[in-house]
Amino acid sequence: MKAVVMAGGEGSRLRPLTLHHPKPMIPLVNRVVTAHIATLLRRNQFTDVVAALQYRAEDMQNYFGDGHGLGVNLHYSIEPRPLGTAGAVKYAQQQHPVLGQEVFLVMSGDALTDFNLKQVVEFHKRVGALATLTLTRVSNPLEYGVITLDGEGRIQEFIEKPSWGQVISDTVNTGIYVLSPELLDEIKPDTPVDFSRDVFPKLLDRGAPLYGYVAEGYWTDVGTFDEYHKASADILNGKVNVGPIGQVYRAGIYVEEDVQIADDAELYPPIFVGRGARIRSGAVIHGPTVIRPNTVVDNRAHIDRSILWQNVYIGQAAELRGAIIGTRSSVGARSVIFEGAVLADQVTVGEGAVIHPNVKVWPQKRVEAGATLRSSLIWGSQARRTLFGRYGVTGLVNVDLTPEFATRLGAAFGASLPKNQVVIINRDPHRSPRMIKRAMISGLPSAGVDVLDIKTAPIPVARYFTRARRAGGGIHVRLSPYDPRTVDIRFFSSDGLNLSKTTERAIENTFFREDYRRVYLDEIGRIEEMDGAAEKTYSDDFIKTLDAAAIANRRFQVVIDYANGPASGVLPSLLNRLNVDVVALNERLDETKISLEQQEFQRALDRLAAITAAVGAQLGVRIDVGGERIWLVDQKGTKVSGGMAAAVLTELTLRDEAMRGGTLALPLSMPNLFERIAEKYNIHLLRVKNDHQALMEAAKEPDARLALSGAGDFIFPAFQPAIDGMMALVKLLELLAVHQTTLLETVRGMPSFYLAQRRVYCAWEHKGTVLRVLNEQNHERVISNADGVKLKLNPTDWVLIAPDPDGPFFHIHAEGSTREVANTNADRYARIVEGLRT
């Protein structure tokens, strides 16, 4: 049988190891990755193998030759440029026409597996498939293509690299395909084409016989440092069948020939020691550890869970913990290398040096004796696996988010934009965001982009000014309102909205690859500061979108709690122009009150309610520090829930006939009341995932009238398709004036609804399983999979089980006909998730 091994990738996530080695040539215990694959192919009777190469193709050709040493006939197909997975196979067929004559296998060159590939081929032939995708189940499906099958194994749907809200199964594509030769006719030659993104979706839409085979056995993608460590450990622990890896020195310790181990060396399995290696007196080695050929571990060195490539020297009393050391590198005596550090080839570490966790050192660099290396040499840090979360890039200040980190992040963002673009940057009043903002400002010009610093401004103002100025993008740095130790870095696109997932991934790739754009000196960007311009632009256009006369004639009196945030620098002048009498609370900027504990926040709301009732104001409102979210109290001092506030603004907005016939966007977690409102006013209801970006994307549509979250977030697209608490407040005043009503009267006129929420812990590796089982067990009741699983319990009740995108949790949202029923439904499904997570 014949097979194609896709071995052309650059292995960018494994840099700096792959700077001198293509990823398929990375060693895994006793062999390089491709040798493990060739052994598996030979064991499954694949004798003719074509390696599709592109990056550093000559390395593999020189190493393997014609494949005689592997027991296969090895041929090569070298792409002139990257052609994608399908394009590479098509190109290989053009070079080796024999591939188009019978069923053949396609396999990724960076996978470790012991699947029975013959069974996959037999299944393919038995069902008459055009293509059979080999599948497996994984704990975290986010980085893979998720597949769903019918009862006969035919593919129903697949989603390439989904978010948690899109995960409907933990069954994923392994990149191992059995293909009938007719499929090659579907691939346009000499054109970049991908199987999972291009070929398979097109065939699925056409109804072609695409099948999935869920294979038993071991599989992992050796594409990141974590996966590389795991794959090595799994080989040592016998979790994957790769054949003998050496002679048994003693239980769990495997050695090749010409190994010398001192009698008093302490070895704790599992450990592999390669040919010609030396372990000197007093050395202590804890597994899982790999020591490749001709490596020397000197006296009293201590190695724990590390991978040492060939010809490495570890000096006396040196310590390695969870590190990777490249070929011909030297670690001096008494040096310490911490968890996750990676040294590429020919790196020299001087005596007594300390290399901190997750630091990467590029090839042929030298760390001076006694030096402490806290960031990567030369290129920067690759300590984080992902950057972006729900609130942008978030971390503990001066721990996760250091000035050095922020500078590199600024450079990565700048590199994602064309040169000479402008980035609008601002912050909240706290000193921590000030430090991080200034560090980011220093990184952006290095990529050839200009920086316009608008100082301290509310987030809606920054978004609006970014859009109005037609800037390339924007950045807002804030102290988290939920944790005073944490800083959030929010990034905006040119339209003032959050970045798309594609753009976020591109920035992450640049950051982790440390492949920043460094422009020449006369292209370095400029840094300018501008006070007041953003606020003026925002305020002038703000007034134009309102019925200012109606508001002014009503002569509102309101109590506003500014939460000591920068909205106090924008909103008072607007309200003064609208003839609104304001009793202001917490108007002075105060960095010590930006982030509040939950109890402090509730006390602030209680004070707002009491003062509103005491002064006889029509309503009270608290605006969050960023200026995005609002909390309401009525004239009697009664706090209005976020869901009721959303219903009130929806009802008042849609009373205007001009607002009907469009779209109202809101999360799946909002009550059924909104369906009744939408039907009453003939407006289309769009349910989206509980995510700010999803709301803002929906608000960009031409027919969008209003978008809201139920947590105090409102978007009025006529002004800007972004969350804006200041506009929400003034728009509420306008609607109350136009319709001659009050907040209290409108709330009293709304039907009651009952929601309940729970949060359930669930380890990351179990999330996919929980969602799959919930879908399988309740498939007839599934309303939506847009944000986890939403189930219809009866005509009035529902429950939403939504995975948290940033933490190991599920959020349970339930609606019931009474408060007790809602709580019962939420408790029930919380227990179900708890049962499924184990």
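At 33% relative accessibility, glutamate 697 counts as partly exposed in this predicted model. Its salt-bridge partner is lysine 700, with 3.7 Å between the closest N and O atoms. Lysine 700 is partly exposed as well, with a relative accessible area of 39%.

| Salt bridge | N to O distance |
|---|---|
| Glutamate 697 and lysine 700 | 3.7 Å |
| Glutamate 319 and arginine 321 | 2.8 Å |
| Arginine 463 and glutamate 628 | 3.8 Å |

Glutamate 319 is partly exposed, at 27% relative accessible area, and arginine 321 is partly exposed too, at 33%. Now take arginine 463 and glutamate 628, whose side chains meet in a salt bridge. This pair ties together distant parts of the chain, 165 residues apart: arginine 463 sits in helix 9 (residues 459-468), while glutamate 628 is in the loop between strand 45 (619-623) and strand 46 (630-634). Are these two buried or exposed? Elsewhere, Glu186, Lys202 and Arg206 are joined in a network of salt bridges.

On to the rings: the structure holds 17 aromatic pairs. One of them brings together phenylalanine 123 and tyrosine 213, with ring centres 5.3 Å apart; the pair is tilted because the planes lie at 55°. Phenylalanine 123 comes from helix 4 (residues 117-127) and tyrosine 213 from strand 12 (residues 210-214), so to speak a link between distant parts of the chain, 90 residues apart. Both phenylalanine 123 and tyrosine 213 are buried.

Phenylalanine 388 and phenylalanine 491 make an edge-to-face pair, at 5.5 Å centre to centre and 65° between the planes. Here again distant parts of the chain are linked: phenylalanine 388 is in strand 36 (residues 388-389) and phenylalanine 491 in strand 41 (residues 486-492), 103 residues apart. Phenylalanine 388 counts as buried at 13% relative accessibility, and phenylalanine 491 is buried with a relative accessible area of 4%. There's also an aromatic cluster made of Tyr464, Tyr538, Phe542 and Phe719.

Arginine 759 lies over the face of phenylalanine 809, 3.7 Å from the ring centre. Lysine 790 does likewise with tryptophan 798, at 4.3 Å from the ring centre.

Glutamate 734 is found in helix 18 (residues 725-738), and at 7% relative accessibility it counts as buried, because the cut-off for that is under 20%. What does its side chain reach? A polar atom of the glutamate 734 side chain lies 2.6 Å from the backbone nitrogen of aspartate 547. Leaving out neighbours within four places in sequence, glutamate 734 is in contact with Thr545, Leu546, Asp547 and Ile551.

Glutamine 310 sits in the loop between strand 24 (307-308) and strand 25 (313-314), and is partly exposed at 30% relative accessibility. Not counting residues up to four places away in sequence, glutamine 310 touches Arg292, Pro293, Thr295, Thr327 and Arg328. As for leucine 499, 189 residues away along the chain, its C-alpha atom is separated from that of glutamine 310 by 43 Å.

How values were computed. Residues numbered from 1 in each chain as written. Predicted model: local features only at pLDDT ≥ 70, side-chain atom pairs only at ≥ 80, totals over all residues. Heavy atoms only, no water. Helix = DSSP H or I, 4+ residues; strand = E, 2+ residues; numbered from the N terminus. Buried < 20%, exposed > 50% of the residue type's maximum accessible area, 1.4 Å probe, protein only. Polar contact = N/O pair within 3.5 Å; in protein donor to acceptor, adjacent residues only side chain to side chain. Contact = heavy atoms within 4.5 Å. Salt bridge = Lys/Arg side-chain N within 4 Å of Asp/Glu carboxyl O. Phe/Tyr/Trp six-rings, centres within 6.5 Å; stacked < 30°, edge-to-face > 60°. Lys NZ or Arg CZ within 6 Å of the ring centre and 35° of its normal.
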